Amino acid sequence: MLEHRWLFRDTASKKGRNIIITPQTSDFKFISAGRIILDATIGSALGQNEGAETVLIVLHGSGTISVSGRRFDVNRFDGVYVPRGEEFMVQSSGELDILEASAPTSQSFPASFVRYTDIADAEDYHLEVGAEPYYRDIWKVLADNVEGSRLLAGITMSRPGNWTSWPPHEHAATQEELYLYFDMPRPGFGTQYIYTDLGAPELVAPVHSDDAVTIVEGYHPNVAAPGFPMNFVWVLCSLEEETYRKLGGVNIQPGFEMETGLR
């Protein structure tokens, strides 16, 4: 399989709203994703995903997101759920960087806004997972706190040099998944694995901030270079509406059974 269908480099190379990853450019069946990047030269972006629900996660900066007649003041790591087919407007007087992801659905749910400050220390939404050398912090931003059809989204941040998505697990029968890496300063890097057979992996590649990987099958652990973190936003998409819209339920690679790490 061609690498570019698994790995997308530098998704932040253009300003404005740019959808880069789709079922036409990747092996995803449902997820489409990209970036909304605003600054002093481009202060707004209008979006609409016909027939699809959308999740927006703020990576950096601040601004406003307007949807369904409501206006949300957003900051770093805040999340917004956009109902099926609704138009949304993103604006900023400074800099604003957002991950956008969408998936088709036949259902409609209300627009929702989740402030990171409300979940940062909440027991059910901030998870301290694993132990050295595979400890990480996970925040469930748009999860069971928000009504939706297919999509879940959150943030994973590792300690320097640690593994995440450990133990190796897969969920090809229930969900596809996007990882978008951020705040991984060079010369540091992470290494992402995707494999059904470790002897012939589909992907083993260094990844940096703004790179993304698409996961439709296979185990997918990753590891940070010593002295540097492994940080990414994850978007999970149920292969059936509502049925698999949940965390957990993964298959651990035989021989690596231990505390389940979710992401």
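## A pair to start with

Which residue in β19 does Gly190 stand opposite? Val207 is the one. Keep in mind that what you're looking at is a predicted model.

Gly190 belongs to strand β18, which covers residues 190-194. Five bridges link β18 with β19, and the two pair in the antiparallel sense.

## The sheet of four strands

β18 and β19 sit in an open sheet of four strands, ordered β15-β21-β18-β19, and the pairing is antiparallel. β15 (163-164) and β19 (203-207) are at the edges with a single partner strand each, so one side of each has no neighbour in the sheet.

If you're wondering what holds such strands together, strands of a sheet pair through backbone hydrogen bonds.

## The sheet of seven strands

Another open sheet has seven strands, and here too the pairing is antiparallel. Follow the order β1-β20-β17-β22-β14-β13-β12. β1 (7-8) and β12 (126-129) are its edge strands, each pairing on one side only.

Inside that order, look for β14 (residues 151-158) and β22 (residues 231-238): they run antiparallel and are joined by seven bridges.

Next up is β10, residues 96-104. Eight of its nine residues are buried, so this strand is largely enclosed by the rest of the structure.

β10 pairs with β3 (residues 32-38) in the antiparallel sense, over seven bridges. There, Ser32 stands opposite Ser102. β5 (residues 52-61) also runs antiparallel to β10, with nine bridges joining them. In that pairing, Val55 has Ala101 of β10 as its bridge partner.

Notes. Residues numbered from 1 in each chain as written. Predicted model: local features only at pLDDT ≥ 70, side-chain atom pairs only at ≥ 80, totals over all residues. Heavy atoms only, no water. Pairing = 2+ DSSP bridges. Buried < 20%, exposed > 50% of the residue type's maximum accessible area, 1.4 Å probe, protein only.
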